[in-house]
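Me: I am new to this structure and would like a close look at one part of it. Please take the charged side chains and explain how they pair.

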Amino acid sequence: MHRTPHRYHAHDKVEMVKHSVGRLEQAWNSKNTYLWASAFTEPCQYIDALGTFHRDWSHDANAQLHEKVWHGPYQRSHARFLIESLEFVGDHACMVILHAEIHYVTDEKEGVLETYIMLMAEQHGQEWLIRYFQNTPIRSPR
């Protein structure tokens, strides 16, 4: 099947976005800070799980934060990022809703932290990178 070099079939674009999201899971589970940061544009706009907005965030700042997280409370953790929704909003932009499950073990307890992550990815050559990232914890009803 002949393909033009600069246009992708919808299935190809979906797989490329899934590959970028998969990079996050692989990076978390291997505690590879620079693999994590490489999934993002530089700069990117990033809201972490504590609600802190990191404006025009660099790869280095992103990697440094995750270095602290993975050598701190989430040192013994495993993540799953499940795509809930993936929608293209143009030829080179995609909105993704992820359901993240972080399984963790500390000296005091073991548990699962669930969050929803909304991200906007954009195409950069042959890959898709995350420009906007918002991580929102799910609160259990009391």
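Reply: What follows describes the chain briefly and then takes its charged side chains in turn.

This is a predicted model, in which local features need pLDDT of at least 70 and side-chain atom pairs count only at pLDDT 80 or more, while totals for chains, interfaces and linings use all residues. Residues are numbered from 1 along each chain as its sequence is written, and side-chain values use heavy atoms, with hydrogens and water left out.

The chain has three helices and six strands, where helices (H or I, at least four residues) and strands (E, at least two) are DSSP runs numbered from the N terminus. Along the sequence their order is α-α-β-β-α-β-β-β-β. Of the 142 residues, 35% count as buried; buried means under 20% relative accessible area, exposed over 50%, and partly exposed in between (1.4 Å probe, protein chains only).

Side chains of opposite charge can pair when their charged atoms come close. A salt bridge is a side-chain nitrogen of Lys or Arg within 4 Å of a carboxyl oxygen of Asp or Glu, and by this rule the count is five.

One of them joins K18 to E15, with the closest N and O atoms 3.9 Å apart. Because the two stand three residues apart in helix α1, K18 and E15 are separated by about one helical turn. K18 is partly exposed at 39% relative accessible area, and E15 is partly exposed at 35%.

Another salt bridge pairs D107 with R76, the closest N and O atoms lying 3.6 Å apart. This pair links distant parts of the chain, 31 residues apart: D107 is in the loop between β4 and β5, and R76 in the loop between α3 and β3 (77–90). D107 is exposed, at 73% relative accessible area, whereas R76 is partly exposed, at 46%.

R80 and E101 also form a salt bridge, with 3.6 Å between the closest N and O atoms. Here too distant parts are linked, R80 in strand β3 and E101 in strand β4, 21 residues apart. R80 is partly exposed, with a relative accessible area of 36%, but E101 is buried, with 16%.

K13, in helix α1 (residues 10–30), is buried yet has no salt bridge. Its nearest side chain of opposite charge is D91, 4.3 Å away, where Lys and Arg count as positive and Asp and Glu as negative, and His and the chain ends are not counted. The backbone oxygen of D91, however, lies 3.0 Å from a polar atom of the K13 side chain.

Note on methods
A polar contact is a pair of N or O atoms within 3.5 Å; within protein, one must be able to donate a hydrogen and the other to accept it, and residues adjacent in sequence count only if both atoms are side-chain atoms.
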